[in-house]
Amino acid sequence: MAQTCCSCRAGALQSSAAAALVRPDCGDRRGERASALAFAKAGGVRASQKLQSNEEQFSRSAFFRGVPEVKVGAPRRSRSTMAAGPSSGGVVSILSEEKGMEHMGMAAVKEADVAAIGAIETRISSGKSLTAPTPRDFVSRYADDEPRKGSDILVEALEREGVRTTFAYPGGASMEIHQALTRSNVIRNVLCRHEQGEIFAAEGYAKSSGRVGVCIATSGPGATNLVTGFADALLDIAHAALPSLETPIVEVTRSITKHNYLVMTVEDIPRVIREAFFLAASGRPGPVLVDIPKDIQQQMAIPDWNQPMKLQSYLSRLPPPPQISLMQQIIRLLATAKKPVIYSGGGCLHASKELREFVELTGIPVTSTLMGLGTFPASDKRYLSMLGMHGTVYANYAVDNADMLLAFGVRFDDRVTGKLESFASRASIVHIDIDPAEIGKNKQPHISICADVQLALAGLNKLIKEGPAERPDFSAWRAELDGVKLKWPMKFPKFDNSVIVPQLAIQTLCELTGGNAIISTGVGQHQMWAAQWYEYEQPRRWLTSGGLGAMGFGLPSALGAAATHPDIPVVDIDGDGSFIMNIQELATIHVEKLPVKIMILNNQHLGMVVQWEDRFYKANRAHTYLGDPEAEADIYPDFCKIAEGCKVPSARVTRREHLRDAITKMLETPGPYLLDVIVPHQEHVLPMIPGGASFKEIITEGDGRQIY
Ligand SMILES: Cc1ncc(C[n+]2csc(CCOP(=O)(O)OP(=O)(O)O)c2C)c(N)n1
Ligand SMILES: [Mg+2]
C-alpha cells in the first residue's frame, strides 16, 4: 500500500469530505461566490444579495422540488411535523402544510407502511420528541420593539437555541460579540487558550452531549486556527455551529463545512442562526460556519424571530422514514442467514437503545467501528469489540466468515475494510445510513436503506416482534466465535520487571472507573489502546478524532465534555506528542474549574510512527524521538512542571507497583489532575492488519524489540 502515516488519515479528507458534503453544487457556485465576495469587499450591494441567499444555492440545485415555505416558530397544531434527524439535540419542530411533506419525499412512504411501524409513526406525528427552537419560557432581556445591536441579536439567537456554553476567543473583529456575551444571563463562555482548542472543545461538547456545540473566533488567524477542527467535525460528524468572522474564511472552509454563511444584513441573523443549528444537527450532522462582519454586529435592529427558514431544497433531500418493504426484505434475508454480524458505527450513537433491542431479538453478534464504541455495551457476551486495522482477531474473523453483514451507520472506511475486495467477501450486505452519498460508495450493498438508522432499527424491531415467535437461531455461530475468542484473545506483554505497559494503565483506569468515564484521546498508539482496552458501556463516552486523526484533540475535547457533564469523570488518555499540541489548555481547565483528568502514556516518542518505522522502515528513526537528545536518560519535557505552572496538580509514575494507587489518586483528587505515566516505546499496537491488506495478513505478534 501507499504508506500514508499510521492512524492519521492523510488523503482521507479529500475523498470523504467530497462525499459528505450536502450541497450538491459547491463546484460550479465557487466562481460566482468569489466574485460576489470581491464585489462586497469593494462596498457593492450585489454581493450581499447573492451571498446572503444561501438558500438560492439549494433551491437552484437539480434536486429542488418546490417545497412550500417552511415556517419556524412556536409550534402549531399540524398533521405534518417532521423529526429533523438523528441527534437528540438536533430534533426541532418544523411545521408545514401537508402538501409540503409530500414534496419532502414523505409520499414515497405509503400511509400503510408508516402506520405499520408504530413507534416511528408515533414519533413523527405526535411531535413528542420534537423541540421548539425557542423554549416556551424564554424571556428576552429586551422589549419586543426595542432596537439592539446585531451582536446582542446573535447572542439572543443562541440563547433561543438553548445554548448555555460557548467556546469563544476574542479579537478586534469579535469584541462586540464578547461584549454581548457578558450581557447574557444564561450563557457561560469558556475561554480556551487557542482557537484550535476551542473548536475541539465544541466537538467534545457536541459528541458527549448530542447537542450542537458553539465556538466563536475573530477574523484572520483566529478563524484560520479553526480550520483543522472543521475538517475533523466534518469527518467525525460532530456538529458545531460556528459563528466566525469576516472573509475569507468562508472560502477557506467551503469544502470542510457542511454549510457556511456570510451574513450581510443584520435582519438575517435570527434566520441564519436558526438555519445553522438546523443544518448542523439534521440529516448527517456536520459543522456550519456563520461569518458575521463587525459592522453587522454593530448595526441596530429589532429582530424578527419568526422569520421562516429557507432551506427548501435541503429539506426535500432529507431522507424519508424507512420503507417497510425494505425492512421486510432484510428480515427475510436474515431468516436464511447462518452467520450474520452487525457492524455498528458512529451513525448509531443515538440509536444505541434500538440496537440493543435488535440484538436481544435476534442474537446477532456485534462489532463496532472506532467511532461506534459504546453503541453496544462492551461487557455483553455478544460483543466482538472493534474491527478493522487494530480490531480483534475475532471481530475480523467474524466479518471475514459472515454470510450476512448488517452495516448500521457506517461508511466502510479503509481502516475498517483494508483490501475492499476481501472485506466481507462471503456476505450479503445490508447497509443502513442517513447519508445517501455513503451507500454504495465503497462497497455495494445487497439491500440498502437510506434513512435515520434509529427509525430503521425501531421498525425492524417492531416487525420482528410482530413476526413468527420462532426466530432464527444463531447459537452455533456465536459458539464458533467464542472459540476464536478463546484461541485469539486480546493480550499484552506481562514483563517480570516493574515496567508499566500502556495497555495495563488503560485496563486499570477502566477497572477503577467501571467503564463509565468519558474518555478522550490524542492520536497514535495510545488512542488505539484506549479503543481496545477501555470497555465502553454507553454511547457518547468516547471522544476521539477518528476520521481526520488530529493530534491535540484529547485535552480540549475533554474540557468541552467536562463543561457539559460535571457529574461524569472525564479522562484524557493522551500521548506525549499529542498532548503537547494543545498543552496550553492546562490553563483553561484550571481557570474554568473543569475537572479533567489527564493520563499521559509517555513513551517519549511519536509511538505510532515509530511502530511503522519498526515494521516497514527497518526501525530507522526519522524525527520521531521527542525527548532531549542530549539527556536521553531524562524524561523531557517535564509535564509535571508545566502543569505546576498552570496550577494543575500532577504526579509521575514509572513503576508498575505504584500504578493503581497513582490512578486512584488522580481520580480522587478534586478538580483537574495530570498523571504522567512513563511507558516503553517498543510496544506495538496489535493485532494489526497492514493498510490495504486482508484478514489473512493479520499480525498478532511482535514489538519494537525485534527486527523485521
Ligand atoms: C496534527 C497531526 N500531525 C501529525 C500526525 C501524524 N501522526 C499520527 S500518530 C503520530 C504520533 C503520535 O504520538 P503521540 O501523541 O506521542 O502518541 P503515541 O503514538 O506515542 O501513543 C503522528 C505524528 C497527526 N495524526 N496529526
Ligand atoms: Mg508518544
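Reply: A residue is called buried when its relative accessible area is under 20%, exposed when that value is over 50%, and partly exposed in between. The model discussed here is predicted.

Aspartate 268 has a relative accessibility of 9% and therefore counts as buried. The side chain of aspartate 268 meets that of arginine 271 in a salt bridge, with a distance of 3.6 Å from N to O. Arginine 271 is at 3% relative accessibility, so this residue counts as buried too. Side chains of opposite charge can pair when their charged atoms come close.

Another salt bridge joins the side chains of arginine 148 and glutamate 156, at 3.4 Å from N to O. Arginine 148 and glutamate 156 are both buried.

The pair formed by aspartate 703 and arginine 705 may be considered next. In this salt bridge the closest N and O atoms lie 2.7 Å apart. Aspartate 703 counts as buried because its relative accessibility is 13%. Arginine 705, in contrast, has a relative accessibility of 40% and therefore counts as partly exposed.

Salt bridges may also link several residues. Arg284, Asp435, Glu438 and Lys441 are connected in a network of such bridges. In total, the structure holds 33 salt bridges, including the one between aspartate 268 and arginine 271.

Notes
Residues numbered from 1 in each chain as written. Chains lettered and ligands numbered in written order. Predicted model: local features only at pLDDT ≥ 70, side-chain atom pairs only at ≥ 80, totals over all residues. Heavy atoms only, no water. Salt bridge = Lys/Arg side-chain N within 4 Å of Asp/Glu carboxyl O. Buried < 20%, exposed > 50% of the residue type's maximum accessible area, 1.4 Å probe, protein only.
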